[in-house]
Amino acid sequence: MPVDIIEIDSVDRTFGNLVALDNLNLKIPEGTIFGLIGPNGAGKTTTINCIADLLVPDSGSIRVFGKDLKLDGIAIKKDMGVLFENTADLFVYLSGEEHLRFVGEIYGLDRAAIEERMDILFEYFGLESHRWMLIEEYSKGMRKKLALASILIHNPKLIVLDEPFDGLDALSAVKVKKILMKMQESGKTILITSHILSFIEDLTDEVAIIDRGRVVFRSKTAELRTRIKDEITKETYGSLEEIFVNITRKDSNDDPEVIDWLL
Ligand SMILES: Nc1ncnc2c1ncn2[C@@H]1O[C@H](COP(=O)(O)OP(=O)(O)OP(=O)(O)O)[C@@H](O)[C@H]1O
Ligand SMILES: [Mg+2]
């Protein structure tokens, strides 16, 4: 039996009257690339922020590497890298070089390892020309790449990515996909959210759809197209997008409507 690296059990999280996570249960097996998808506002970022220990659930528990996040948060975070949805956690008044060095030092890497890894990361992400520029002056995609470099410098066993492709050009996105696949080959576990469903289909071993704070669908990615769409005709789904639309459609009126006054 594969070990579950992340175990989310009956987690609730509200913001005032708004229920963001509603008795959420989700287990992520070790060594997989796992896709968490869902409509805007479904609770993906809230889930990731809870895993990152940035938000505390109202109730329920989260275990990572078999340890309780509430009790062993610091030990867990040493082996985890989390890319947040917006890159607001970057220190924008540092240069890229200063930022990456600072992150490496926080993780306790020695000087030689930091220098070596920084060189490789700046080159891999094509940021060498901006290495000494203030992050404030980076473009959106550059910030995303620097944030990615920052979560990889300590070589984490678990990588959690909230919309990593948002803002990346096509070539950069392909590079990120490649490095994620290579990291999986070396035994790492990756949890990823993205609205680019074709990427999710390409990249993941398993996928779950979250809607209104609950998991409403889960499947091995290889089996997606064998899932039955119509019980009578036994018709199967043609794509993850089709499953997504079918499952998350609130009612039959959810088909795209026309805005009359725009026509
Ligand atoms: N800090 C907050 N204060 C109040 N409400 C919040 C806060 N963070 C999230 N929410 C609410 O929680 C719900 C889930 O939001 P969340 O950001 O987790 O969605 P998401 O699935 O990541 O959506 P998206 O695809 O747009 O990124 C939304 O209704 C959102 O308005
Ligand atoms: Mg989000």
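Residues are numbered from 1 along each chain as its sequence is written, and chains are lettered from A and ligands numbered from 1 in the order in which they are written. Because the model is predicted, local features need pLDDT of at least 70, side-chain atom pairs count only at pLDDT 80 or more, and totals for chains, interfaces and linings use all residues, while side-chain values use heavy atoms, with hydrogens and water left out.

The shell around ligand 1 holds 14 residues. A residue is near the ligand if one of its heavy atoms lies within 4 Å of it. Gly41, Lys44, Thr45, Thr46 and Glu85 come nearest. By class, the shell divides into 5 nonpolar, 6 polar and 3 charged residues. Here Ala, Val, Leu, Ile, Met, Phe, Trp, Tyr, Cys and Pro count as nonpolar, Asp, Glu, Lys and Arg as charged, and the others, Gly among them, as polar. Strand E2 (18-29) and helix H1 (44-51) each supply at least two shell residues. The largest share, 3 residues, comes from H1. Helices (H or I, at least four residues) and strands (E, at least two) are DSSP runs, numbered from the N terminus.

For Thr46, the distance from a polar side-chain atom to a ligand oxygen is 2.6 Å. Taken alone, ligand 1 exposes 640 Å², of which the protein buries 63%. Accessible areas come from the Shrake-Rupley method with a 1.4 Å probe; for residues, only the protein chains shown count as cover.

The largest nonpolar core has 44 residues. Such a core is a set of buried Ala, Val, Leu, Ile, Met, Phe, Trp, Tyr and Cys residues joined through side-chain atoms within 4.5 Å. Ile37, Phe125, Leu161, Phe165, Leu180 and Ile192 have the most contacts inside it. Helix H5 (residues 140-152) gives the most to this core, with 6 residues. The core lies between domain 1 (4-79 + 157-262) and domain 2 (90-155), because both give residues to it. The domain bounds come from an automatic or database domain assignment.

Several single residues were also examined. Buried means under 20% relative accessible area, exposed over 50%, and partly exposed in between (1.4 Å probe, protein chains only). Val64 sits in strand E4 (residues 59-64). Its relative accessibility is 0%, so Val64 counts as buried. Gly104, in helix H3 (residues 96-106), is likewise buried at 0%. Leu121 belongs to helix H4 (residues 111-124) and is buried at 13%.

Asn23 is partly exposed, at 31% relative accessibility. Asn155 lies in the loop between H5 and strand E7 (158-162) and is partly exposed at 44%.

Key:
A polar contact is a pair of N or O atoms within 3.5 Å; within protein, one must be able to donate a hydrogen and the other to accept it, and residues adjacent in sequence count only if both atoms are side-chain atoms.
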